[in-house]
Amino acid sequence: MIYGVVLAGGVGNRMGNVGKPKQYLLIGDKPIIIHTLEKFYMQSDFEKVLVLCPPEWLSHTRNLIKKYIQDAERVIVLKGGETRNETIMNAISYIESEGKLDEETIIVTHDSVRPFVTQRIIEENIRYAREYGACDTAVAATDTIVCSDDNVVISDIPERRRMYQGQTPQTFKALKLKNLYQSLSPEEKAVLTDAAKIYVMKGEKVHIVDGEVFNIKITYPYDLRVAEALLGEGEKVK
């Protein structure tokens, strides 16, 4: 079984005082989360698409899905967790409660605010996860990356040819991800930024899926303007 898992649990503090989480803001004539869900709903390999959002936005999310997505019985809205990885664990718990969690169950996890993901990226995530067990979407860094231990002075400038910028989807065999996460200490969990890091911390391989520079994450107000421009270009192509 393969499940799409759309992570919409964030509140979007970096977007400024906009009155709602950023995934519910409009680009074009639809909320960002709907643009993203449409990409996932198109993927016939998914048994279901799970959407995890803040508890207080459950009803609103379900209403949006009813409004914008026809025949949305494959889309299930669930409560997110306190952290990104706890949200993913909530998705895995749902799959387990349905009796569908085994060693071959795959979850394709994706930021709800990356609405320009392509079918090619999703399909390659599924293929790589089947073959390798875990994969992460990334693009080669074009800028020089600098490191700072104290956020004041540069402590290192790694070789750019080794640097990538992480995107999503991140895709895993769900049972192994659950077991690895549960094996972490509280201190290890505290420094996690995403699910792929769980594998890296445990010495497990995560294969790279080539992303796209336009597979942007909408985080700041400027990103909304970029998204509007990308959406407009997409409409012209149609």
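**Helix H4 and its sheet**

I began with where H4 sits: it lies across E1, E6, E7, E8 and E9, and it runs at about 160° to E9. A reminder to myself: this is a predicted model.

Next I checked the helix itself. H4 covers residues 119-132, which makes 14 residues. From first C-alpha to last it reaches 20 Å, close to the 20 Å expected at 1.5 Å a residue.

Which residues of H4 are buried? I found Gln 119, Ile 121, Ile 122, Glu 124, Asn 125, Ile 126 and Ala 129. I kept a general point in mind here: residues three or four places apart on an α-helix point the same way, because there are 3.6 residues a turn.

After H4 comes Gly 133, and I noted its positive phi, near 95°.

On to the sheet. I read it as open, with 7 strands in the order E5-E4-E1-E6-E8-E7-E9 and mixed pairing. Its edge strands are E5 (75-79) and E9, each pairing on one side only. Neighbouring strands are turned by 30° against each other on average, direction ignored.

Last, I picked one pair to follow. How do E7 and E8 pair, parallel or antiparallel? They are antiparallel, over 6 bridges. For Ala 140, I found the bridge partner in E8 to be Tyr 164.

Notes: Residues are numbered from 1 along each chain as its sequence is written. This is a predicted model: local features need pLDDT of at least 70, side-chain atom pairs count only at pLDDT 80 or more; totals for chains, interfaces and linings use all residues. Side-chain values use heavy atoms; hydrogens and water are left out. Helices (H or I, at least four residues) and strands (E, at least two) are DSSP runs, numbered from the N terminus. The expected span of a helix is 1.5 Å times one less than its number of residues. Buried means under 20% relative accessible area, exposed over 50%, partly exposed in between (1.4 Å probe, protein chains only). Two strands pair if DSSP finds at least two bridges between them. Axes are lines fitted to C-alpha atoms, for helices over the stretch in contact, and angles run from 0 to 180 degrees between N-to-C directions. Contact means heavy atoms within 4.5 Å.
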